[in-house]
Amino acid sequence: IAIEFVSGDGSEERDRTPLSQMGQDRQKPGKFWVYEQVIRPGFYAIYEVQRASVEVYHLIENHYELVRANERGHYPIEPMGVELGIWQGRYGNVELPWLRWWDSAGNLLLTGEERAVIERERAAVERQRAETERQRAETERQRAEQAEQRVEQAELELQQERQRAETERQRAERLAELLRSQGINPEEL
């Protein structure tokens, strides 16, 4: 595809004057004729920035035929699997109607800069997700550590309770022996 950006009113880009009609007042053939008959790209587009319009021609049987816009207002370039159209937006800090490419499903094809911005945003989201996951894991580690400390504390308290119970049992046995040595039956008390 050859794309001409209009200078002036666009008549130069649409000029079909053939080489055979060159005279003394005319020194070169029309651009449209040159593209159609000499250069012969499969598609020829004329883009008028001031009018925010584009015309697309397809070379069929040695002459250009105007391509109609599809339902999205884009011009299908079927051999390439893309569409050409006007996109209103900011690019390079300039707000203009830009000539842009879409895939055949109507998805805007991003520039390298746009892809880089999206990749930076995706990486930032991934870093945030990883940080959130790291914090979650740290919180879980702390909870597990606290639970382990509670288990250890409970085991220590249980051991202390067993020791107290054993001490009480031993004290009760000594008291019972003392009573028996005095002739008193401890079960009768």
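1. In this predicted model, the largest nonpolar core consists of eleven residues: Phe43, Ala45, Tyr47, Val54, Val56, Val67, Tyr75, Ile77, Val82, Leu84 and Leu99. At least two residues of this core come from each of S2, strand S3 (53–60), strand S5 (75–77) and strand S6 (82–91). S2 provides the largest share, three residues. Apart from this core lies another, of nine residues, which include Ala2, Phe32, Tyr35 and Tyr44. As general background, nonpolar side chains in soluble globular proteins tend to be buried together.

2. When residues up to four places away in sequence are not counted, tyrosine 75 touches Val54, Val56, Val67, Arg68, Ala69, Val82, Glu83 and Leu84.

3. An open sheet is formed by four strands, in the order S1-S2-S3-S4, with mixed pairing. Strand S1 (2–5) and strand S4 (63–66) each have a single partner strand and stand at the edges, so one side of each is left without a neighbour in the sheet. On average, and with direction ignored, neighbouring strands of this sheet are turned by 25 degrees against each other.

4. The pairing of S1 with strand S2 (residues 43–48) is parallel and runs over four bridges. Within S2, tyrosine 44 is the bridge partner of alanine 2. Both Ala2 and Tyr44 belong to the nine-residue core.

5. The aromatic pairs number nine. In one of them, the ring centres of tyrosine 57 and tyrosine 64 are 6.4 Å apart and the planes stand at 55 degrees, so this pair is tilted. Tyrosine 57 and tyrosine 64 are both buried. The pair of tyrosine 91 and tryptophan 98 has its ring centres 5.4 Å apart and its planes at 80 degrees, so it is edge-to-face. Tyrosine 91 has 33% relative accessibility and therefore counts as partly exposed; tryptophan 98, at 23% relative accessibility, also counts as partly exposed.

6. Phe32, Tyr35, Tyr44, Tyr57 and Tyr64 are linked into a cluster by ring pairs. Among these residues, Phe32, Tyr35 and Tyr44 are also found in the nine-residue core.

7. Two arginine residues are placed over aromatic rings. The charged end of arginine 16 sits over the ring of phenylalanine 32, at 3.8 Å from the ring centre. Phenylalanine 32 is also part of the aromatic cluster. The charged end of arginine 100 sits over the ring of tryptophan 87, at 4.6 Å from the ring centre.

How values were computed:
Residues numbered from 1 in each chain as written. Predicted model: local features only at pLDDT ≥ 70, side-chain atom pairs only at ≥ 80, totals over all residues. Heavy atoms only, no water. Phe/Tyr/Trp six-rings, centres within 6.5 Å; stacked < 30°, edge-to-face > 60°. Buried < 20%, exposed > 50% of the residue type's maximum accessible area, 1.4 Å probe, protein only. Lys NZ or Arg CZ within 6 Å of the ring centre and 35° of its normal. Pairing = 2+ DSSP bridges. Axes fitted to C-alpha atoms, helices over the stretch in contact; angles between N-to-C directions. Core = buried A, V, L, I, M, F, W, Y, C linked by side-chain atoms within 4.5 Å. Contact = heavy atoms within 4.5 Å.
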